[in-house]
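Subject: Structure handover

Hi there,

Here is the structure I promised to pass on to you. Have a look at it first, and then read on for my notes.

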Amino acid sequence: MASVKLNHIYKVYENGTNAVSDFNMEIEDKEFIVFVGPSGCGKSTTLRMIAGLEEITAGDLFIDGKLVNELEPKDRDVAMVFQNYALYPHMTVFNNMAFGLHIAKVPKDEIERRVHEAAKILDIEEYLEKKPREMSGGQRQRVALGRAIVRNPKVFLLDEPLSNLDAKLRATMRTEISKLHNKLQTTFIYVTHDQVEAMTMGTRIVVMKKGYVQQIDSPKNLYMYPANKFVAGFIGTPQMNFFKGKITIEKGKAKISLENQNIYISLDIVEKMDKKYFDEREIVVGIRAEDIHYDSNNDNNDLIINVVPQVVEELGAETLINSNLANSNCQVTFKVKNTVDVETNKTLKVYVDPTKLHFFDVETETTLLPRVPEKRHFLIKYNKAKCKLFNKTIELPLVFKEAMEDGKEYLFTIPTVSVKLGNTFKGVIKRCEKINKKYLLHIACKDDLVFCLNEEALEEGQEVSFDIDFTKVIVNEDEKVVVNEIPDYNHIIGRLHRIKALVPVERKGKTIQKKKTGFQFDIAGTYIDVPYEMYDKTLAVLVKKFELHKIEYSFKTSLVASKEEGIEIELKKAMEYGKELHYGVFTIKQNQEEIVLRLPEDYENADKLYLKLNYEDLKARDTHFDIRLK
């Protein structure tokens with residue numbers, strides 16, 4: 001039993017094809033994880049990297065807390081079940097299952113015990129003396145599973161194991177594999193392109209597209225809260241309906257324009273949406289077929305749309321209606337009970353479930369109703385160094401006062417991460433929503449609503465106090481930013497500096513010193529030592545002429561500018577966010593790049609300051625291949 005951690009995993013082939021990009025995930029012990037996505041999305045490549053059958057271009061892979069990048073497949077304690085079963089045709093079922101144990105020189109009585117135990121679990125004891133050609137596809141798949149079980153691996157890897165079976169047998173084997181996971185209580189990682197398999201088997205699902213992870217979540221959350229249009233369209237049968245639409249506020253409701261028709265929904269449904277999308281800009285509106293209903297007795301005109309059925313598909317327990325929006329070529333698919341008779345080419349009134357609507361940005365295709373809203377906007381009037389925020393008059397930090405003018409209105413953008421329970425502002429819990437292991441508090445302050453992530457649940461109606469981290473607040477005057485947030489990280493461009501170094505190498509049980517090509521991080525002409533363990537790993541990624549590559553180095557803005565010598569920097573602007581919280585905008589003297597750092601508490605204007613960096617402070621990304629090195 002083991003956990004698996006994939007830390008910034010990449011796979012880039014020699015021809016430049018980027019098969020997997022920046023895959024990050026922690027798989028807990030005993031989880032059943034499913035990788036799903038269309039052909040060519042990188043799911044099988046990722047599985048093969050875990051197995052050791054594909055070399056990892058960059059990143060770290062841990063199994064049970066142990067780094068396994070350099071370990072051979074046989075030493076990783078994983079077992080893989082392949083799509084084509086990969087059974088030896090000349091061997092009996094027993095010998096197929098026992099072959100790996102024979103190679104590992106396991107005692108004969110132990111082999112007998114393990115094989116019979118696995119055969120009993122899989123209900124194939126009576127087939128142990130048969131050969132694969134005498135068995136059905138489902139039975140062969142059980143043998144392949146049995147061969148993996150007898151090894152008692154820490155992790156089971158299954159690469160589309162059911163794709164060669166017919167639909168009925170696939171459904172049966174899905175159940176059997178899920179039962180097997182429950183019996184064995186070990187970690188399963190399963191690859192499929194079939195979303196039904198993914199939804200019915202996985203405790204969590206990884207949706208991939210073109211080498212990138214789109215979303216990692218439980219089956220229920222993927223279905224109900226897709227992160228983007230791709231996930232929304234990929235998960236669910238039939239595919240979600242998508243419309244070009246617009247949102248405006250009208251008579252206390254949100255007016256949703258779909259092509260040539262309108263529906264009206266409660267503002268509570270779109271309270272997490274950024275208000276900038278209420279300005280009639282085009283968006284994508286999504287609704288699933290099962291969330292569009294036909295009911296001749298429904299009289300809620302706010303939620304009705306007119307459709308013209310084109311094709312009726314009888315599916316037994318339910319009927320699928322393929323239709324168009326009335327007076328439009330926009331397609332709409334919805335479901336009705338099998339008792340409902342629907343005529344084609346005749347206008348029909350159906351109504352949508354407003355709580356099941358999805359909204360996506362036209363360009364980025366990301367959801368406009370995230371489970372945790374990124375930010376909220378508030379229009380604030382500034383007067384005599386003070387402003388009224390969340391129904392309380394407050395004095396703003398000095399950095400705000402220096403940038404704002406009396407009598408003017410400003411737009412404050414307040415990120416959700418900046419809101420914490422505290423003492424300054426008061427509100428009432430309108431709703432407490434559990435999201436994974438945290439709770440999203442919807443805090444109402446008269447006409448304003450703000451969100452706060454909290455470790456503990458609070459009761460609806462409870463009064464709470466909260467604070468705002470003003471270092472994360474952005475202030476705009478019209479379209480101009482007058483106060484920007486303090487970013488989490490600085491990003492500057494540097495190089496790698498080639499060196500020759502003596503490094504310890506294990507040879508025949510002894511440690512010897514060997515001269516190797518290595519490198520140092522080169523930032524503004526300052527060289528930072530890199531552990532020798534990184535040499536081979538990083539150079540394998542960068543191949544030849546790595547010193548010509550531009551490297552993006554990142555480090556936290558919370559680092560304090562140093563009085564000890566390092567990279568020369570010059571203070572451009574000091575920013576006070578409180579008596580004990582001062583930041584500075586600096587330029588690096590050598591290349592004039594701009595960075596943000598904390599100012600020392602005892603800083604005086606005459607002090608010379610430096611950027612002091614250690615290897616541990618830095619992240620590094622090769623911009624040539626777009627690969628994270630550290």
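Helix H4, residues 137–149, packs with helix H5, residues 167–184, at an angle of about 20°, and their axes are 11 Å apart. Angles under 35 degrees count as roughly parallel, so H4 is roughly parallel to H5. The crossing in which H4 passes H5 is right-handed. On the H4 side, the contact is made by Gly137, Gly138, Gln141, Arg142, Leu145 and Ile149. H5 brings Leu169, Met173, Glu176, Ile177, Leu180 and Leu184 to the contact. Sorted by class, the residues of this contact are 7 nonpolar, 3 polar and 2 charged. Please keep in mind that all of this comes from a predicted model.

Helix H2 (residues 93–103) and helix H3 (residues 108–122) have axes that come within 10 Å and cross at roughly 135°. H2 and H3 are therefore oblique to each other. Here, too, you will find a right-handed crossing, with H2 passing H3. From H2, the residues in contact are Phe94, Met97, Ala98, Leu101 and His102. Their partners on H3 are Ile111, Glu112, Arg114, Val115, His116, Ala118 and Ala119. The contact of H2 with H3 counts 8 nonpolar, 2 polar and 2 charged residues.

Now for the inside of the model. How many cavities of 30 Å³ or more does a search of the whole structure find? The search finds 1, and the largest cavity has a volume of about 40 Å³. If you want to locate the largest cavity, go to its lining: Met273, Asp274 and Lys275, together with Lys375, Arg376 and His377. By class, that lining has 4 charged residues, 1 polar and 1 nonpolar.

Two details of the backbone are also worth a visit. Most residues other than glycine have a negative phi, and most peptide bonds are trans. Where does the model have a cis peptide bond? One joins Thr237 and Pro238, with omega at about -5°. Pro238 sits in the loop between helix H8 (229–234) and strand S11 (241–250). Further along is Asn391, a residue other than glycine whose phi is positive, near 65°. You can find Asn391 in the loop that lies between strand S22 (386–389) and strand S23 (392–395).

Happy exploring, and do write back with any questions.

Best wishes

How values were computed: Residues numbered from 1 in each chain as written. Predicted model: local features only at pLDDT ≥ 70, side-chain atom pairs only at ≥ 80, totals over all residues. Heavy atoms only, no water. Axes fitted to C-alpha atoms, helices over the stretch in contact; angles between N-to-C directions. Helix = DSSP H or I, 4+ residues; strand = E, 2+ residues; numbered from the N terminus. Parallel < 35°, antiparallel > 145°, perpendicular 65-115°, else oblique. Left-handed = near helix turned anticlockwise from the far one by under 90°. Contact = heavy atoms within 4.5 Å. Nonpolar A, V, L, I, M, F, W, Y, C, P; charged D, E, K, R; others polar. 1 Å grid on protein atoms, 1.4 Å probe; cavity = no way out; pocket = protein on both sides within 12 Å on 5 of 7 lines; lining within 4 Å. Points joined across faces, edges and corners; volume = space filled by probe spheres on them.
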